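Work through the exercises below with the coordinates open. Each task is followed by a stepwise solution.

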There are 2 protein chains.
Amino acid sequence: MILTVTLNTALDITHTVPALTPHASHRVTDVAERPGGKGLNVARVLAALGHETVVTGFAGGPTGEVLRSLLAPLPVRDALVPTTGTTRRTLAVVDTATGDTTQFNEPGPVVTPTEWAALLTTYQELLAGARAVALCGSLPPGIHVGAYADLVRRARAAGVPVLLDTSGEPLRRGIAARPDVVKPNADELAALTGSREPLRATRDARRRGAHAVVASLGPDGLLAVTPDGSWRAVPPARVKGNPTGAGDSAVAGLLSALVEGAPWPERLGRAAALATATVLAPAAGEFDPERYGELLERVTVTEQAAAA
Amino acid sequence: MILTVTLNTALDITHTVPALTPHASHRVTDVAERPGGKGLNVARVLAALGHETVVTGFAGGPTGEVLRSLLAPLPVRDALVPTTGTTRRTLAVVDTATGDTTQFNEPGPVVTPTEWAALLTTYQELLAGARAVALCGSLPPGIHVGAYADLVRRARAAGVPVLLDTSGEPLRRGIAARPDVVKPNADELAALTGSREPLRATRDARRRGAHAVVASLGPDGLLAVTPDGSWRAVPPARVKGNPTGAGDSAVAGLLSALVEGAPWPERLGRAAALATATVLAPAAGEFDPERYGELLERVTVTEQAAAA
């Protein structure tokens with residue numbers, strides 16, 4: 001099984017409005033809710049690819065209950081740890097006139113030391129049966145900034161490959177604990193390394209401790225610097241659509257191919273095809289399996305020159 | 001006791017953001033929740049004025065549960081009827097840079113015929129102990145457009161003075177059932193009568209069946225056409241602030257003075273003072289009791305010439 005950890009889960013709400021006008025009142029024409037947070041998105045895609053998947057992290061309060069009830073019918077095992085605080089909401093307001101989205105993200109609940117200890121116990125138990133683990137997203141208030149570094153070390157001690165997908169100081173600290181893979185996007189990579197030149201920044205990130213760095217560069221695809229070499233995976237053409245969740249689909253592609261024992265070029269091709277199929281899907285964070293199959297044939301993976 | 005009816009209750013959520021930028025992602029710096037819907041706002045103000053108050057209407061699903069848990073500590077009796085559908089949310093995004101609010105209102109849950117029948121039973125029982133009733137706000141889906149007319153007729157049959165505060169077709173139908181008071185705002189009055197000339201429109205609205213019409217004209221105060229005469233109630237000065245809930249506070253002022261047996265000028269003075277104190281309060285829909293006391297002394301109520 002593959003384990004995904006989402007410390008700051010969210011109930012993702014989407015409001016559709018005919019047109020967004022600041023400082024006006026809007027009738028919402030459609031309301032959608034789904035369980036959110038990066039690790040839950042990764043788990044959904046892994047399950048769709050046929051992998052047994054378990055999610056842990058925190059959920060609490062009325063929104064946490066709704067999140068768990070929406071998770072229940074999905075082919076993903078819920079091992080979320082309860083909190084007394086209330087799970088945050090994210091609100092995406094979709095403007096049907098332009099197709100653009102305006103996003104409002106609530107802060108998470110304060111996690112107590114007791115709740116963090118309960119998460120560690122659950123995590124340690126789940127690691128025993130995991131073939132890979134993904135640590136995803138922001139930290140809720142109350143959790144120390146070195147939390148991901150701690151989770152990375154525990155995974156490595158258990159011999160489970162660990163991928164870290166976060167940003168800011170939790171990423172900086174987490175990388176130093178030597179995760180197998182980190183998957184920053186261009187902004188996260190620039191914040192970490194100070195460089196906007198992708199290959200230089202990706203190599204710099206790797207020198208900070210990660211065994212492999214896979215940078216997701218939006219329409220430019222993926223750039224990977226690994227112990228086996230460096231590759232760039234590029235989709236066949238620039239596509240238009242909703243990029244929400246594309247990075248999470250890339251993580252699912254990397255992990256699924258990793259546990260199947262595929263070499264790096266195949267892992268990257270799968271990740272790039274899934275990310276592109278997610279951008280093309282009408283609903284945020286979903287992917288079209290047929291388009292994914294087509295894209296998988298047409299993604300170009302090219303080896304990059306060795307570091308100077 | 002005074003009864004307020006809110007068929008389309010809401011969980012009112014307020015998100016504070018540093019500045020609203022369409023199509024961007026925002027970190028919400030503060031989240032507030034309160035039980036919402038016009039009748040619940042009216043009830044809160046009535047309770048603050050020392051009146052025993054009961055609320056009915058519908059509540060259901062996880063947001064309905066949160067709404068009821070937020071109502072529980074307030075000095076208002078909860079006689080809401082459960083629905084299988086989920087109570088809607090309203091989201092107000094407050095931009096701290098400008099102080100402006102952008103509002104997103106979800107549609108309500110579909111109310112079934114069985115739930116409507118249960119509401120009628122509860123309403124009829126509560127009318128027996130009520131000294132006045134306020135029927136407030138929009139109708140949720142599934143409720144026939146003549147619902148308020150039905151509730152008005154039942155109140156009149158029970159000998160309970162009834163105030164109707166709604167808009168559109170439910171107002172048009174409700175007025176024809178001869179409520180004691182209707183309280184349209186300028187837009188609702190214009191939609192009903194086709195006239196933006198306040199005195200003409202107010203008189204026209206009264207001819208449609210209401211015994212008294214109290215038009216709330218924002219900073220221009222209130223204009224009332226009643227069986228006892230016509231009055232205008234004007235606050236001492238134009239005030240700046242958040243007008244959310246000012247109309248609901250005016251309804252509470254009218255009803256509380258009515259059950260105390262006060263004559264029309266006093267009812268209108270109280271309503272105008274409460275509405276202005278609500279605009280001045282920092283939190284939407286609250287009012288500052290001290291400012292209310294000051295304003296009560298300084299609102300001007302002047303009799304208007306008889307209809308031509």
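A residue counts as buried when its relative accessible area is under 20%. The model is predicted.

**Exercise 1. Find the aromatic pairs over all chains and classify their geometry.**

Step 1. Count the pairs. The structure holds 2 of them over all chains.

Step 2. Take chain A. A:Phe287 pairs with A:Tyr292 at 5.9 Å centre to centre, with 85° between the planes. Planes over 60 degrees apart count as edge-to-face. The pair A:Phe287 and A:Tyr292 is therefore edge-to-face.

Step 3. Check burial. A:Phe287 and A:Tyr292 are both buried.

Step 4. Take chain B. B:Phe287 and B:Tyr292 form an edge-to-face pair, at 5.9 Å centre to centre and 85° between the planes. B:Phe287 is buried, and B:Tyr292 is too.

**Exercise 2. Describe the interface of chain B and chain A.**

Step 1. Size it. Chain B and chain A bury about 2,300 Å² between them. Carbon and sulfur atoms account for 60% of that area.

Step 2. B:His23, B:Arg89 and B:Phe104 supply 27% of the area that chain B buries against chain A, more than any other three residues.

Step 3. Count the residues in contact. Chain A gives 30 residues and chain B gives 30 residues.

Step 4. Look for charge pairs. The rule finds 2 salt bridges across the interface. In a salt bridge, the side chain of A:Glu33 meets that of B:Arg89 at 2.7 Å, N to O.

Step 5. β9(B) gives the most, with 5 residues.

**Exercise 3. Why is helix α1 of chain B largely enclosed by the rest of the structure?**

Step 1. Count the buried residues. In α1 (residues 38-48), 9 of the 11 residues are buried, so the helix is largely enclosed.

Step 2. Name some. Among them are B:Leu40, B:Val42, B:Arg44 and B:Leu46.

Step 3. Inspect what follows. Just after α1(B), B:Gly50 takes a positive phi of about 95°.

Technical notes
Residues are numbered from 1 along each chain as its sequence is written. Chains are lettered from A and ligands numbered from 1 in the order in which they are written. This is a predicted model: local features need pLDDT of at least 70, side-chain atom pairs count only at pLDDT 80 or more; totals for chains, interfaces and linings use all residues. Side-chain values use heavy atoms; hydrogens and water are left out. Rings of Phe, Tyr and Trp (its six-membered ring) pair if their centres lie within 6.5 Å; planes under 30 degrees apart count as stacked, over 60 as edge-to-face and the rest as tilted. Buried means under 20% relative accessible area, exposed over 50%, partly exposed in between (1.4 Å probe, protein chains only). Contact means heavy atoms within 4.5 Å. Buried area is the accessible area (1.4 Å probe) that two parts lose on being put together, summed over both. A salt bridge is a side-chain nitrogen of Lys or Arg within 4 Å of a carboxyl oxygen of Asp or Glu. Helices (H or I, at least four residues) and strands (E, at least two) are DSSP runs, numbered from the N terminus.
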